[in-house]
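Dear colleague,

I am passing on the structure below, and my notes on the contact between its chains follow it.

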Amino acid sequence: MKNQAIYREVAKLMMPFILMFAMYVQFHGDFGPGGGFQAGVILAVVYILYALVFGLGNARHVTPMTILRFMLAFGVLLYAGVGMVTMFMGGQFLDYNVLSHDPAHGQHLGVFLVELGVGISVAAAMITIFFVFSGQEH
Amino acid sequence: MEMMFNVILLIMLLLTAIGLVRKRSLFAVVMLSGIYSLLSATLFIALDAVDVAFTEAAVGAGISTVLMLGTLALTTRDEEETPPKGGILPLLVVMVTGSALLYATIDMPNFGDPMAPIHHFMAPHYVEHSGVETGIPNIVTSVLASYRGYDTMGETTVILTATIGILAILGRGRKRPKKLPHRKANTP
């Protein structure tokens, strides 16, 4: 598909909007449907579209495997880290109330951080799985 | 009206499932399973479960289809013809399991029954207090990330573990396997 002008142009046009939608789903999950999991998948779709249209080599060049692996573990670590921080601040594991003076603010911060962790992990997982699957020798 | 919509969707789901079983072309099977996911997502929207529908559409119809197509490109596009095997035992097992499942549905509460046990355990607490306790308007998010934070952490860990497994099995795929010394150079 590397030499198809229409595919390339349409993909270029759509990618920023898909990226924006992923961010919207990630950070607006408190109010509307969505959250880290869905946002991570949508973010991964941007890379898959890029890889399909511009070739897997270019996509791998944009996001090296080492960074993906780091992000994969970092998301889970962020989630568990929030739990550890709440423990050190005197609460129970993943009890966000202690994160701020106002319990509702603490909840907001805690949910934001863990959803971010989920989003990072899921996006990295989906991109990694796609890269590994489509990078196989026939 | 809503009843009719649900019935039509369920019939379409059933037809897609029958098509899935009967098709020999694996490309058609992958496409049909994508359609099946999209139909389920529509059904979830009809049941007012927007978050679940979102996930189903993104993961079931989107990513899974792409990954399945990638797998097809690696393996083969057609299912091998297997001669049909007779036998009374498989039929018996299927009949017994099916009737047990049907028998179990008798005990289930009616569709949309407000007196069902699931609506009387924790759900009223979440509906009434989650807005005040967490300050998050979307109850699904507050349950997922706050009340059931352990579960979601476990799920994320499952995704991490699954990806590590895939990397362990397929991660070295781009490098050519080392040629064994006693083989000729041109053997694959």
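How many residues of chain A are in contact with chain B, and how many of chain B with chain A? Taking contact as heavy atoms within 4.5 Å, 48 residues of chain A meet 37 residues of chain B.

Please note that this is a predicted model, in which local features need pLDDT of at least 70 and side-chain atom pairs count only at pLDDT 80 or more, while totals for chains, interfaces and linings use all residues. Residues are numbered from 1 along each chain as its sequence is written, chains are lettered from A and ligands numbered from 1 in the order in which they are written, and side-chain values use heavy atoms, with hydrogens and water left out.

The buried area (accessible area, 1.4 Å probe, lost by the two parts on being put together and summed over both) is about 3900 Å² between chain A and chain B, with 74% of this from carbon and sulfur atoms. Helices H1 (5–27), H2 (36–54), H3 (56–62), H4 (65–88) and H5 (103–134) of chain A each supply at least two residues of the side that touches chain B, helices being DSSP runs of H or I with at least four residues, numbered from the N terminus. H5(A) contributes the largest share of that side, 16 residues.

Best regards
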